[in-house]
Amino acid sequence: MTDRKHNNGGGTHHHQPDREQPAAKRDQPFSFRDFVRTLGPGLITGASDDDPSGIGTYSQAGAQLGYSIGWTMLLTFPLMAAIQEISARVGRVTGHGISGNVCRHYPRWLLVIVVALLFVANTINIAADLGAMADATKLLIGGPGIAYVVFFGVLSVAAQILLNYKRYVAVLKWLTLSLFAYVAALAFAKVSWGEALSGLLLPKPSWSADYFTTIVAILGTTISPYLFFWQASQEAEDQRVDATKRPLIEKHYGARREFSRIRADTIVGMAFSNLIALAIIITAAATLHASGKTDIESSAQAAEALRPIAGPMAEWIFALGIVGTGLLAIPVLAGATAYAVGEGRQWPVGLARKPKEAVAFYSVLALSGGLGIALNFTSINPISALYWSAVVNGVLAVPVMVLLMLIARHSNVMGRFVVGGPLYWLGWLSTAAMGLSVIAMGVGFFLGKT
């Protein structure tokens, strides 16, 4: 390994291959198709953030608080982009995901707590998403909801286990298009664009427990722990399947180009995610809130409630979007769980491996999906858990984000590529914002009971 005395992200000019590559690429015209091909972990992570749980949360926020909650999307964009970019850098530099780095550099008890909480949160989220998808399908074509739960659950897990990795990633990229359903739904809503713009640019907080619980739910479904684990592990996975790549801590040249790719991928993914979330909030505000329907508890309820207000086409678009986003999000939730457990145990991991090469990894993935299906057979109502699963994610995110920031600054982990500068401080700002919102929610509940 060469010496590590160079600056963060620097040193690439000491290696001839890295100098020649950009010079060759400068002669090539910009190609949108080539740019889309470079998008991967960041785009899929951002799109999966708008899962049925998220759609339920954004719908409820818009129904309860109207346009006035739109500013949260402007706030969360730089915060989630920073924390996701840091997650991706950790994976690309070290060749391991977050769990893999924790098990190598931190006490085992810490790893066990974090992974156990992630497993529980993700499994509940899978159950809630499957319930929402089943309800949306039942809304459109009728039939037994529980059959749809099993069908979608088995389909999502089987696709991860049986499909070729590159083909599977391509499928996930195509599924991101389902999110445009919520942009289309805007066309059926009579939006007061002046009020929507005011809500986006001028925060008008209400000092109540319900308001701050909604803020935590929005932050929790937007800046979710499973997204950190997934994007870091996918960067490590993409490096493993590419014979020309090595972890940057081992093979330094090309770092600047890789960090530029990661940043572009992450910014596009997070911007896409937040624009769709804003579209859902505005749609709910313009239809449900405007007509006095403020008690929406799930994405499927939001779709059903749109029918008398915005017409059956809006309901269909909204419901089909729920199914599409669920098919995108459930593999990410189950996959993030499997990566976290597998890397923590130092098992062979990765969706690019054949099932017989990573039996334990795929077993955890199947177990997480299977438990998500099973929860829908119990007396627990996963649909009512949609909103609260986002709140739980918000609370869990705080310790995970602190741990991620420590890893990103740990020279034994990141070598000369420790994260610094504006990105580092934006990561801590994101962590602080999440922590303060959780504290505010707790104080609000305490004051509400006294």
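Trainee: What makes Ile-141, Phe-188, Met-313, Trp-316 and Leu-320 a nonpolar patch on the surface?

Mentor: Patch residues need over 30% relative accessible area and no salt bridge, and nonpolar side chains (Val, Leu, Ile, Met, Phe, Trp, Tyr) are joined within 5 Å. A salt bridge here is a side-chain nitrogen of Lys or Arg within 4 Å of a carboxyl oxygen of Asp or Glu. Together the five residues have about 510 Å² of accessible area, by the Shrake-Rupley method with a 1.4 Å probe. By the way, this is a predicted model, where local features need pLDDT of at least 70 and side-chain atom pairs count only at pLDDT 80 or more. Residues are numbered from 1 along each chain, and side-chain values use heavy atoms, without hydrogens and water.

Trainee: Why does Leu-320 count as partly exposed?

Mentor: Buried means under 20% relative accessible area, exposed over 50%, and partly exposed in between. Leu-320 has 48%, so partly exposed is the label.

Trainee: And why does Phe-272 count as buried?

Mentor: Its relative accessibility is 14%, so Phe-272 falls under the 20% limit.

Trainee: What makes Phe-180 and Phe-272 a tilted aromatic pair?

Mentor: Rings of Phe, Tyr and Trp (its six-membered ring) pair if their centres lie within 6.5 Å; planes under 30 degrees apart are stacked, over 60 edge-to-face, the rest tilted. These two are 5.4 Å centre to centre with 45° between the planes, so they pair and are tilted.

Trainee: How do you know that Arg-89 lies over the face of Phe-259?

Mentor: The rule wants NZ of Lys or CZ of Arg within 6 Å of the ring centre and within 35 degrees of the ring normal. Arg-89 is at 4.1 Å from the ring centre.

Terms used
Patch = residues over 30% accessible without salt bridge, like charges linked within 9 Å, V, L, I, M, F, W, Y side chains within 5 Å. Buried < 20%, exposed > 50% of the residue type's maximum accessible area, 1.4 Å probe, protein only.
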